[in-house]
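Hello,

Here is the structure I promised to pass on to you. Please have a look at it first, and then read my notes below.

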Amino acid sequence: MPVRARAEASRNAIMQAAMALWRTKGYAATSVTEICKAAGVSKALFYVYFARREDILLTVEADTMRDAHQAATAMVEQPYDLSDVIATVIRTLESRTRHYPPELVFETVLESYRLERRAMAEGATENELTFLFLTPFQQAQLDGKFAADVDVARLARIAQVLVSDAIRCWAASDFRDPLRTDDLAREITTLLTGDRI
């Protein structure tokens, strides 16, 4: 097996083992040692790919956010309402999130807030913290859905925080309560644009 394929297989094995253990044992009760044993890799190899257990969560979150961002970007390439772009992001996050235990989703959101705090302390800009909505909102501004003088990076950041918090609350309820995607998207749109629902 080529080196790159072997490396990818090892990394995937670690992630899959972690997810399986987190589903059965819970996040807090699972150690790096247990993940390595389940994946059939050494601790040294684990630390080649992940500096800490939380980095697996962040990798899963990054993949999920990338999918949501791509869905939103595709939406603005055709006629669209801003509310529909936001709803598309929420739906993508919701569909991916349902595959994980609520505790894990909650931990992932909290870990992303911790990472964001570290990034801000290191001087990250607003644009660097608005991955989900920045590109679609920049296009929306070009399309006249936001005024030309509006700081779309700030609006993208607000939307991202509101969506993340909605996902966190949904996970905290063990997914019992419906997410009400369309209502949430309309509410966020109203907050961003000042338009009435």
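Before the findings, two points on how to read them. This is a predicted model, in which local features need pLDDT of at least 70, side-chain atom pairs count only at pLDDT 80 or more, and totals for chains, interfaces and linings use all residues. Residues are numbered from 1 along each chain as its sequence is written, and side-chain values use heavy atoms, with hydrogens and water left out.

Let me start with the empty spaces. Rolling a probe the size of a water molecule over the atoms shows where empty space is left. On a 1 Å grid over the protein atoms alone, a cavity is a set of points where a 1.4 Å probe fits but cannot get out, whereas a pocket is an open set with protein on both sides within 12 Å along at least five of seven lines; lining residues have an atom within 4 Å of a point. A volume is the space filled by probe spheres set on the points, and grid points are joined across faces, edges and corners.

The largest pocket has a volume of about 390 Å³. Its lining is made by 18 residues, and those nearest the centre are E61, M65, S112, L115 and Q160. The elements that give two or more residues to this lining are α4 (54–75), α6 (102–121) and α8 (152–172); helices here are DSSP runs (H or I, at least four residues; strands are E, at least two), numbered from the N terminus. By class, the pocket lining has 9 nonpolar, 4 polar and 5 charged residues (Ala, Val, Leu, Ile, Met, Phe, Trp, Tyr, Cys and Pro count as nonpolar, Asp, Glu, Lys and Arg as charged, and the others, Gly among them, as polar).

How many cavities of 30 Å³ or more does a search of the whole structure find? The search finds 1. The largest cavity has a volume of about 250 Å³. It is lined by 17 residues, with E61, T64, T97, T108 and V109 closest to its centre. Helices α4, α5 (82–97), α6 and α8 each supply at least two lining residues, and α4 gives the largest share, 5 residues. The cavity lining divides into 12 nonpolar, 4 polar and 1 charged.

Next, the salt bridges (a side-chain nitrogen of Lys or Arg within 4 Å of a carboxyl oxygen of Asp or Glu). The count comes to 18. In one of them, D67 meets R96 at 2.2 Å, N to O. This pair links distant parts of the chain, with D67 in helix α4 and R96 in helix α5, 29 residues apart. Another joins E116 and R157 at 2.8 Å, N to O. E116 lies in helix α6 and R157 in helix α8, so this pair ties together parts that are 41 residues apart in sequence. Both E116 and R157 are buried (under 20% relative accessible area; exposed is over 50%, and partly exposed is in between, with a 1.4 Å probe and protein chains only).

R52 and D55 also form a salt bridge, at 3.3 Å, N to O. R52 is partly exposed at 26% relative accessibility, while D55 is buried at 18%. Both belong to a network of salt bridges that links R52, R53, E54, D55, E111, R114 and R118.

Finally, the surface: I158, L162 and L191 make a nonpolar patch of about 250 Å². Patches are made of residues with over 30% relative accessible area and no salt bridge, with like charges joined within 9 Å and nonpolar side chains (Val, Leu, Ile, Met, Phe, Trp, Tyr) within 5 Å. Accessible areas come from the Shrake-Rupley method with a 1.4 Å probe, and for residues only the protein chains shown count as cover. I158 sits in helix α8 and is partly exposed, with a relative accessible area of 31%.

Best wishes
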